[in-house]
Amino acid sequence: MCDVKKFSKMYQEIKELQPEDTLQLFMEANDEDERDFFHMIGNYLLQREQKQIIERNLF
């Protein structure tokens, strides 16, 4: 069984990443799989921000 608290904490930390942080993670990734992972995180955060902007009728 996985440590739910550990992954919940990881999620909270990931939500605080800035675009330049995800870019740095992407650029310094050790391999293609890791780059893909950080790319997906960056996309997720961007989509989350876009959703919030649309919900506030700022777009």
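What radius of gyration does the protein chain have, and what would a compact globule of 59 residues have? The protein chain has 14 Å, while a compact globule of 59 residues would have a value near 10 Å; the radius is taken over C-alpha atoms, and the globule rule is 2.2 Å times the number of residues to the power 0.38. This is a predicted model, in which local features need pLDDT of at least 70, side-chain atom pairs count only at pLDDT 80 or more, and totals for chains, interfaces and linings use all residues. Residues are numbered from 1 along each chain as its sequence is written, and side-chain values use heavy atoms, with hydrogens and water left out.

The C-alpha trace spans about 40 × 30 × 15 Å along its principal axes. Three helices and zero strands make up the secondary structure, in the order α-α-α from the N terminus; helices (H or I, at least four residues) and strands (E, at least two) are DSSP runs.

Of the 59 residues, 10% count as buried, that is, under 20% relative accessible area, with exposed over 50% and partly exposed in between (1.4 Å probe, protein chains only).

One aromatic pair is found, namely Phe-37 with Phe-38, edge-to-face at 5.6 Å centre to centre and 65 degrees between the planes. Ring centres of Phe, Tyr and Trp (its six-membered ring) must lie within 6.5 Å to pair, and planes under 30 degrees apart count as stacked, over 60 as edge-to-face and the rest as tilted. Phe-38 is buried at 15% relative accessible area, whereas Phe-37, at 43%, is partly exposed.
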